[in-house]
Amino acid sequence: MDDQACPRCKTTKYRNPSLKMMVNVCGHTLCESCVDLLFLKGSGSCPECHIPLRRTNFRVQMFEDPMVEKEVNIRKKILRDFNKKEEDFATLLEYNDYLEAVENIIYNLANDIDVVETNKKIDQYKKDNKDQINKSKSKLGRKEYELEELLELEKQQEEERRLELAKEEMEAKKKKIRDKEALIDELTFSEGNAKSIVDTFTSAIQNSKKEAKTSSPKPTQFSTGIKFGKQGTQSYLQIPKAEEGPMFTYNPIRQQTEGPDVPSWREIQARGYIAHVRAETKVERAGGFKAHVACLRALEEAMASLYHNPSQHTTEFTTV
């Protein structure tokens, strides 16, 4: 983010530490000053893609990649209407198909693929599921309302604790001032030794502090719920010593097959199987998916029926 610059005025975070980047639905960024200048009348066009935009739709850029901001905004907008849950479907397969369709819609809109057809699908879905959408929104609204009530209650409790601490601090300051004034009066009007008077007041203050510490209840647990002094009672396994050897040995499973062995992913590439599989896209590769994974999975499924374990399954043939 430090090297990011406004595409219009070329201002960077290095030259202006208070630079605030803004992003709209198109995914292109502008600094806050350029947004205020270009969208002074409330609406205008994007300097890069020239689509019409509104000033109220600009928001602070949270992610380094503006396309991520665009996808997050589209996802929020789509999921407000595509709000079905797993219990709304008869089978898990139907629910997974529904989730896949939603992800395809988000992907098309985020990457400007078949935007017109995708918007038609969205409009048709809204018409066909109007009642269900409103019902799910009302249910979600009740949950959000309950969550807001809990947050408001926590905020009130925090404010009460803050006021109580401020009151205690104020009382401590007043007591300190009273003690100081009493010491000055004693030194002014008393005929005794000044050093003994100061020592008496010092010991009295120290005793009052000790009494305050003993009278105040001590916390017995951390905020996580772990009690003080209980850490040593946990029963942990001892660390094995090197001279005693490993605690266990791993024996890989050996499954006999009645057919050829399933090739490894390195053999898939060496034998050319990968040439018959669609290559992964940049987005799929970023998500950790590679083409040889799909090829290996298909080969394993094809050879699954060839697995045979003679110790568990015995077949007898009778001649009639």
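Biologist: Which residues does Asn83 touch, not counting residues up to four places away in sequence?

Modeller: In this predicted model, Asn83 touches Tyr98, Gln132, Ile133, Ser136 and Lys137. Contact here requires heavy atoms within 4.5 Å. Asn83 itself lies in the loop between α2 and α3.

Biologist: What makes Asn83 buried or exposed?

Modeller: The relative accessible area of Asn83 is 11%. Buried means under 20%, so Asn83 is buried.

Biologist: Why is the ring pair of Phe89 and Tyr98 called tilted?

Modeller: Two values decide that. The ring centres of Phe89 and Tyr98 are 5.1 Å apart, and a pair needs centres within 6.5 Å, so the two rings pair. Their planes stand at 45°. Stacked needs under 30 degrees and edge-to-face over 60, so the pair is tilted. By this rule the count comes to 4 aromatic pairs, and ring pairs also link Phe89, Tyr95 and Tyr98 into a cluster.

Biologist: How do you know whether Phe89 and Tyr98 are buried or exposed?

Modeller: Phe89 has 17% relative accessibility and Tyr98 has a relative accessible area of 10%. The limit for buried is under 20%, so Phe89 counts as buried and Tyr98 is buried.

Biologist: Which residues have the most contacts inside the largest nonpolar core?

Modeller: They are Ile78, Phe82 and Tyr98, in a core of 14 residues. At least two residues of this core come from each of α2, α3 (92–110) and α4 (115–128). The helix that gives the most is α3, with 7 residues.

Biologist: Which cysteines does the second core include?

Modeller: That core is separate, has 13 residues, and includes Cys26, Cys31, Cys34 and Cys46.

Biologist: Now the surface. Which residues make the nonpolar patch?

Modeller: Val60, Met62, Phe63 and Val68 make a nonpolar surface patch of about 350 Å². Phe63 lies in the loop between β5 (59–60) and α2 (66–81).

Biologist: Why is Phe63 called partly exposed?

Modeller: Phe63 has a relative accessible area of 39%. Buried means under 20% and exposed over 50%, so Phe63 falls in between and is partly exposed.

Definitions and conventions. Residues numbered from 1 in each chain as written. Predicted model: local features only at pLDDT ≥ 70, side-chain atom pairs only at ≥ 80, totals over all residues. Heavy atoms only, no water. Phe/Tyr/Trp six-rings, centres within 6.5 Å; stacked < 30°, edge-to-face > 60°. Buried < 20%, exposed > 50% of the residue type's maximum accessible area, 1.4 Å probe, protein only. Patch = residues over 30% accessible without salt bridge, like charges linked within 9 Å, V, L, I, M, F, W, Y side chains within 5 Å. Areas by Shrake-Rupley, 256 points an atom, 1.4 Å probe, with all protein chains shown as cover. Salt bridge = Lys/Arg side-chain N within 4 Å of Asp/Glu carboxyl O. Helix = DSSP H or I, 4+ residues; strand = E, 2+ residues; numbered from the N terminus. Core = buried A, V, L, I, M, F, W, Y, C linked by side-chain atoms within 4.5 Å.
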